[in-house]
Amino acid sequence: MNRTHLSSRTSSRRTNKHRFAAARSSFFAAASGKTRHRTRSLQLEILEGRALLAVDLMGVPNWVEQGPGTIQNGNNDEGIPNKPQAGAVTALAPDPSNANRLFAASVNGGIWRTTNATAADPHWEPLTDRFSSLSMSAIAFSPLDATNNTLFVGGGQTSSGFGDGETALGVLKTTDGGNTWTQMGASLIGSRINQIIPTTIGTAATQVVLAATNNGVFRSTDGGMTFAASSVLAGNVVDMDADPSNANRFYASVVGTGFFISTNGGQNWTPINNTTITNSVISNADFLEMAVHNSPGNNAIYAVTFDK
């Protein structure tokens, strides 16, 4: 073989080898994300503030707070500035010794308390939000507690048609002015307690408590802890009042039946309808309500009927 040709071929092989090595190095450098003989500089970019949205939302309404206070510009108020409106209240219990303390039982909002009831704009606080039902229908102070810190509450659905709200929870009792409550009267769960009367009969442990419900009048002799399984007066008892001059005398009104009196602490009841309150008046009334006025030597009983 010619030496010239051999030298040329050897030189070509060396050149190709160097080219291959360079290509391989470049390939692996690219695969590993590295770039040879290149420099990069880092720069910081100042972003806009994010305290508020950088864009405006079109067509979003302006919202006005409406709770838990009164609703403004309600449709059931006339003659009151701004027409404030709130949920329905079924019963009130004013403190006999403190005009500023007032309790309210609301239809589906539980029990509320204010300690500045005589103010132009009283502050109210909810007391029973932790219970399964906020449907309350009756509330009363216990006359056995001289400090006026014991109250009884009756649960009941009283919304329009009596169909709204959670299942009535029976009876609640507080002995510290509403700070804490105990649920009692398990046999009355589900009944609508229209009135509850903690009487002056007995002691705190044996107190007679009467509950007028849509299923009759029920009587407790252990301070409301339990109630007799059977009613002492049957029917839908929509109202019940105590005689302020006689601790053992009570009055009750029953839809479709009329008015009744008990003279032995609610154990037995006798009808007191007369020629004025006829069967026709009773049978056509949805509600029968009463009020008792204690006049020396002469009790006056006022009765109101609401026709169908």
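Predicted model: local features only at pLDDT ≥ 70, side-chain atom pairs only at ≥ 80, totals over all residues.
Residues are numbered from 1 along each chain as its sequence is written, and side-chain values use heavy atoms, with hydrogens and water left out. Local features need pLDDT of at least 70 and side-chain atom pairs count only at pLDDT 80 or more, while totals for chains, interfaces and linings use all residues.

Of its 308 residues, 33% count as buried, that is, under 20% relative accessible area with a 1.4 Å probe and protein chains only, where exposed is over 50% and partly exposed lies in between.

Next, select Phe103, Ile111, Met136, Ile139, Val153, Leu172 and Trp181, which have the most contacts inside the largest nonpolar core, a set of 15 residues (buried Ala, Val, Leu, Ile, Met, Phe, Trp, Tyr and Cys joined through side-chain atoms within 4.5 Å). Strands E1 (89-95), E2 (98-106), E5 (136-141) and E6 (151-155) each supply at least two residues of this core, and E5 gives the most, with three.

Now move to a second, separate core of 13 residues, which includes Val208, Leu233, Phe260 and Trp269.

Finally, select Phe306, which lies in strand E17 (residues 298-307) and counts as partly exposed because its relative accessibility is 39%.

How values were computed
Helix = DSSP H or I, 4+ residues; strand = E, 2+ residues; numbered from the N terminus.
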